[in-house]
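Please find below a colleague's note on the chain shown here.

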Amino acid sequence: LREECGVSGCTLLQFLGDAVLVPAGAPHQVRSLTGTISVEQRFLSPENAARLWDLSTHPPGAARQLRAQLDGMIFSAVREAVGVLRGHQ
């Protein structure tokens, strides 16, 4: 990966109670040394919403989740704008 894309790896040892945030789009790999529970949340930030339409980089099913988040962001933005216009904020 380093030769092909210029990406260097690093090793992180995670302990009980630690949380790790992997930035959106960052390639990563996980090796569990013991039994673990992994919680993953796909998050679509407003800054990256336009990238949603390039579905070639998303695994199957992810596009539907991301589009649902985009719909929710649009709905929230419109609701907030209407509230501001009505003076309710």
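1. A residue is called buried when its relative accessible area is under 20%, exposed when over 50%, and partly exposed in between (1.4 Å probe, protein chains only). By this rule, 10% of the 89 residues in the chain are buried.

2. The model is predicted: local features need pLDDT of at least 70, side-chain atom pairs count only at pLDDT 80 or more, and totals for chains, interfaces and linings use all residues. Residues are numbered from 1 along each chain as its sequence is written, and side-chain values use heavy atoms, with hydrogens and water left out.

3. The chain holds two helices and zero strands; helices (H or I, at least four residues) and strands (E, at least two) are DSSP runs, numbered from the N terminus. Contact means heavy atoms within 4.5 Å. Of the contacts between residues at least 6 apart in sequence, 29% join residues at least 24 apart.

4. Accessible areas come from the Shrake-Rupley method with a 1.4 Å probe, and for residues only the protein chains shown count as cover. The chain has an accessible surface of about 8,400 Å², and carbon and sulfur atoms account for 56% of that surface.

5. Val 20 lies in the loop between helix H1 (2-5) and helix H2 (62-86). Val 20 is classed as partly exposed because its relative accessible area is 42%.

6. Thr 11 is also placed in the loop between H1 and H2. With a relative accessible area of 83%, Thr 11 is exposed.
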